[in-house]
Each structure stands twice: as C-alpha cells, then as structure tokens.
Amino acid sequence: MPKIKTKFICQECGYESPKWMGKCPECGVWNSLVEEIEQNNDKAYIATTNIIMPLTVDEIEITEEERLKTGLDELDRVLGGGIVRGSLILVGGDPGIGKSTLLLQVSKNLSLNGYKVFYISGEESEKQIKIRAQRLKVKGSNLYIVSETNLDILEKHIQNLKPDIIIVDSIQTMFKMELQSAPGSVSQVRESTLTFMRIAKGLSIPIFIVGHVTKEGAIAGPRVLEHMVDTVLYFEGERHHTYRVIRAVKNRFGSTNEIGIFEMKGDGLKEVLNPSEVMLSGRPEDVPGSAVVCSLEGTRPVLVEIQALTSATAFGMPRRMATGIDYNRVVLLMAVLEKRVGMQLQTFDAYINVVGGLKLDEPACDLGIVCAIASSFRNIPIDSKTVVIGELGLTGEVRGVNFIEKRILEAQKLGFERCIIPYENIKAIEDKLDINVIGVKNIYEVLEEVLGG
Ligand SMILES: Nc1ncnc2c1ncn2[C@@H]1O[C@H](COP(=O)(O)OP(=O)(O)OP(=O)(O)O)[C@@H](O)[C@H]1O
Ligand SMILES: [Mg+2]
C-alpha cells in the first residue's frame, strides 16, 4: 500500500505546508492550519477508471423504494417520513441527553424488522452497551455491536458485514491513522465524516452519526460537518425535565419545521403522541399570570401554557426575563402594553416562562404572552378553558395567523370552551365547531374578552 501523504492547509488563505505551524506565514492568522490527506491526482488513475457519461434527469432511474421506518413515529416525522437510503444523518446533543439511548432504540426496532444493523461505539465497551441494551430490552441476532475507533478497521468490518444501516457513536472518537492529530480534532472529524459519507453514498447505506455539542451549542468540529451531511438533528431538553425534543436543523429530504417529543423513562425513550396534553398537565387553574396559546410546531398544533409574573422593582432598572421565548419579542410586547393600554410596567420586573421546556418562536403566541403579563399585572386570572391565538402589531392591532382551523380543533379536542382569535381569521373557518370562537381586532378587545377590560 502506498504511503498516504498529508499536508497542512491554512483554512483562511489556502497556504500549504508540510509541517504544522501555529501561525500561517502567508496571511498571519493563528491556528488556522489543518491537516489534510493529499489527494491522489494521478492522471493514470483517471485513465484507468471507468468514466460514466453524465445522464439527463429523465435517464436517471430510481427504484421506488420506501424509506426505512425507525419504529419511532416521532423520529420518522422529523426525518421527513423515515430514513432515506444512503443518507448521512448527524445527531447532535448535550452530554447525557440520551443520544446513545435513542439510537440504540432505533437499532432495536430496525433489527427486529429484519435489517442488519451495525452499531459502532467509540465511547463505550461492548459490555457497557449491553448494559444499556438490557435496560432497553434490546435483543436480536441482527444487531452487531463493535467498540472500535480506527476507521481502517471499521471499513473492513463494514465490507465483511454488509449492514443495512450503520450507527456511529460518536464521530469525535473516530480516527484515521494517517493523520497525526488526535481524534476529535478538526482534521480527524472531517476525514472521518468523509469516509462515512463515501460508504453511505457508495453502498447506499444510511448512517447515523452522533456529534457532541460544544459549550456554545454547536456541534463540535468544523462547521463543514453540517454541510457535508444530509440531515442534522438536534436532540434537546432540560436536564431536570424528562421531556426531550428532537428537531431537524437541516434536512435534504424533508421539512425542518417538525419536532418529535419523547419522554425519558427508566426503560428508554417513550414517544409523546399527544404533546398538548403533556404540556398542559399540572396547569394551575384560576390563577393570575397563566395563558394558554396554540403554537404550530411543524404540521402539528401544540397547546402550551405561558406564565408571567410581574412584581414591583426593588431597584432602579426593572428586570425582564424570558425562558422559551425571544427576549426581544417580550420587551416589544410589553412596550405595546405600556403605550397602547397605558399599563405602567416601567416600575415592574417581569418574568415570562414557557411551561414544559418548549421553545416558541411563532408570532401567533403574541396574544398569549400579552394576556399572561396583563393578567399578572392586574391580578385577574384568565378563564382556564380559554385559548388565545394571534399576532400583535405595534399599533395594538391583532393580525391574522395561518392554519387557524387546525389550532382551534386542537383546543376543542382538549376540552377548551373558548378560543380568542384574530377577527380576520373568522371568515377562514368553514367547519362547524363546538367551541365558542371570538374574533378580536385589537389589544383592547382582547383584554376586554380575557380580563373584562
Ligand atoms: N436507569 C435509568 N433510568 C432512567 N433514566 C436513565 C437510566 N439510565 C440512564 N438514564 C438516562 O439516560 C441518560 C443517558 O443517556 P445516553 O447515554 O443515551 O446519553 P448520551 O447523549 O449518549 O450521552 P453521552 O453524551 O455521554 O454519550 C441519562 O442522562 C439519564 O437521563
Ligand atoms: Mg452516548
């Protein structure tokens, strides 16, 4: 085997050097040299390979293959309807959030469906995986597990085993011997991902790759990692809550709006099929500062409780805090309340929280936030069977939202009796509804309906 040569390339200006240097002599940037394997640009190589002529789009044949189902509907939906063959899926998440658990459960389901699954772990020994497997009640002769980090050995395993799906846990532990840098370094992570990409595309095997998340919340390693793969999923959740949310940040084969919700239990992750029920469980009734909104998470409406607490400021500057919603949006909505309604919020601290750990970024939640703040400020509870939906403009006007019917139906399904919605959305409702729907045009009408003035 010819010796593979490596070189160091500056990521800023492209300067090449046979040795590593702390500072690029060309552009003067520090720490920009990354080790790369020298590509074989031999002309003889091109002469001897079969060159396939480019095809027209009509000529390219695809077999109508259905996507592989992971057995977890929540995950399938986030993936756009299952796993596409030959795709590379990156799963990122904080330490201990449950990435290995999720993928072992996926392995279990796929292996039970007759697919040969190859689980590569660079972090745990076979025995440690077995302990988790016992907890998750994983059994089967179709699930192969190896604890190995050397890419050359792994490639051999894959050639021998010919699996239908591969799980790599995690990419930061994989290494190629030719590169001098340690596993987890930019060049190792990139080379390893390239290797798996070649395998995925060449053999049409879908590969899940686990990626660790840095303190800043990005997947550790170069940003190019996210460009290279087909799908990037983030597995999130509060450590102290049992709920976990999986969302697609990038998806070449589906929408990125969908989320999947799971609950971490002793015997693994359980799908949460009715998130609204879960998000509203344990909601206090008839207390000031609580409002229910309906947010659209992908194609699915989810009812969520928003809580607000206002209390007199002890020191000069009032504090504002928002968890689960954009801070600036809260400040803006409070300014509308101050200017249009005349609420003297300047001398009050305000804390806003989305219950259940969801992150809301839809303008349709505006009215709910405003109502929760006003309810806390005036100390008047909002009727617990009311849902508020709508966007609030700067002049205090209530603006329409999309998919209104879907949202109202979800509220109706969960036993709510009254829905406050934008007036302009009223005409869009065609179905006969068993819920009292009230259209509002501006912030005054909203507060009149919800708080009685
Ligand atoms: N017996 C148990 N009962 C309930 N939950 C458990 C149990 N054992 C583990 N867990 C949960 O599983 C989590 C660890 O899951 P897992 O190892 O899959 O996470 P990970 O994201 O792969 O972590 P790492 O980043 O370290 O690889 C724990 O944080 C805990 O919440
Ligand atoms: Mg793990």
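Residues are numbered from 1 along each chain as its sequence is written, and chains are lettered from A and ligands numbered from 1 in the order in which they are written. Because the model is predicted, local features need pLDDT of at least 70 and side-chain atom pairs count only at pLDDT 80 or more, while totals for chains, interfaces and linings use all residues; side-chain values use heavy atoms, with hydrogens and water left out.

The protein chain contains twelve helices and 21 strands (DSSP runs numbered from the N terminus: H or I, at least four residues, for helices; E, at least two, for strands). Its C-alpha trace spans about 80 × 55 × 50 Å along the principal axes. Of its 453 residues, 47% count as buried (under 20% relative accessible area, with exposed over 50% and partly exposed in between; 1.4 Å probe, protein chains only).

The second largest pocket has a volume of about 490 Å³. A pocket is here an open set of points on a 1 Å grid over the protein atoms alone, where a 1.4 Å probe fits, with protein on both sides within 12 Å along at least five of seven lines; lining residues have an atom within 4 Å of a point. Grid points are joined across faces, edges and corners, and the volume is the space filled by probe spheres set on the points. The lining of this pocket comprises 25 residues, of which Glu236, Gly237, Glu238, Gly357 and Lys359 lie nearest the centre. Strands β9 (231–236), β10 (243–251) and β16 (348–354) each supply at least two lining residues, and β10 gives the most, with four. Because both domain 2 (67–273) and domain 3 (277–451) give residues to the lining, the pocket lies between them; the domain bounds come from an automatic or database domain assignment.

The structure holds zero disulfides (pairs of cysteine sulfur atoms within 2.5 Å). The cysteine sulfur closest to that of Cys294 belongs to Cys419 and is 7.6 Å away, too far for a bond. Cys294 counts as buried, at 0% relative accessibility, and Cys419 likewise counts as buried, at 0%.

In helix α4 (residues 126–135), Ile129, Arg132 and Ala133 are buried. These residues cover an arc of only 105° around the axis, and therefore lie on the same side of α4; the arc is that of the directions from the helix axis to the C-beta atoms. The face of α4 turned away from the buried side carries the exposed residues Lys127, Ile131 and Gln134.
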